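Keep the structure open while you read.

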Amino acid sequence: MPEEIELEMAKIQRLREVLVRRESELRFMMDDMQLCKDIMNLKQELQNLVAIPEKEKTKMQKQREDELIQKIHKLVQKRDFLVDDAEVERLREQEEDKEMAEFLRIKLKPLDKVTRSPASEFNI
């Protein structure tokens with residue numbers, strides 16, 4: 001009986017970890033979508049400025065072009081970092097999954113012996 005309770009607690013803990021992971025994935029997706037949206041908006045504004053012939057641009061427009069390029073660059077770097085971080089997290093989670101599978105395999109083996117009736121061993 002204590003083994004079954006311990007196993008049930010491990011399952012509940014595992015479910016909690018899965019839900020926390022999913023929440024983290026959804027947050028990553030939201031952040032990624034927002035960064036992409038911001039980058040696209042800045043690129044659109046930059047395209048509008050680039051479409052103006054160079055000799056017709058004001059000093060302010062030229063400064064804004066440079067500013068937009070810098071902002072886009074920073075957002076792309078931020079997104080790259082976010083993607084790299086998500087990959088590191090995914091690899092860490094894979095390792096945790098392996099460890100949990102091994103833990104459950106070890107825990108379930110003795111439980112199989114306890115729950116198996118003597119009659120089932122003789123095919124009765």
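Predicted model: local features only at pLDDT ≥ 70, side-chain atom pairs only at ≥ 80, totals over all residues.

Residues are numbered from 1 along each chain as its sequence is written, and side-chain values use heavy atoms, with hydrogens and water left out.

The chain has three helices and zero strands, giving an α-α-α pattern along the sequence. Helices here are DSSP runs of H or I with at least four residues, strands are E runs of at least two, and both are numbered from the N terminus. Take the contacts (heavy atoms within 4.5 Å) between residues at least 6 apart in sequence: 69% of them join residues at least 24 apart.

Of the 124 residues, 16% are buried, meaning under 20% relative accessible area with a 1.4 Å probe, protein chains only. The accessible surface (Shrake-Rupley, 1.4 Å probe) is about 10,300 Å², and carbon and sulfur atoms account for 59% of that.

Now for the largest pocket, which holds about 310 Å³ of space. A pocket is an open set of points on a 1 Å grid over the protein atoms alone, where a 1.4 Å probe fits, with protein on both sides within 12 Å along at least five of seven lines; lining residues have an atom within 4 Å of a point. The volume is the space filled by probe spheres set on the points, which are joined across faces, edges and corners. Of its 14 lining residues, Ser24, Glu25, Phe28, Ala86 and Glu89 are the closest to the centre. Helices H1 (2–50) and H2 (59–115) each supply at least two lining residues, with H2 giving the largest share, eight. By type, the lining has nine charged residues, four nonpolar and one polar; charged means Asp, Glu, Lys and Arg, nonpolar means Ala, Val, Leu, Ile, Met, Phe, Trp, Tyr, Cys and Pro, and the others, Gly among them, are polar.

Technical notes. Buried < 20%, exposed > 50% of the residue type's maximum accessible area, 1.4 Å probe, protein only.
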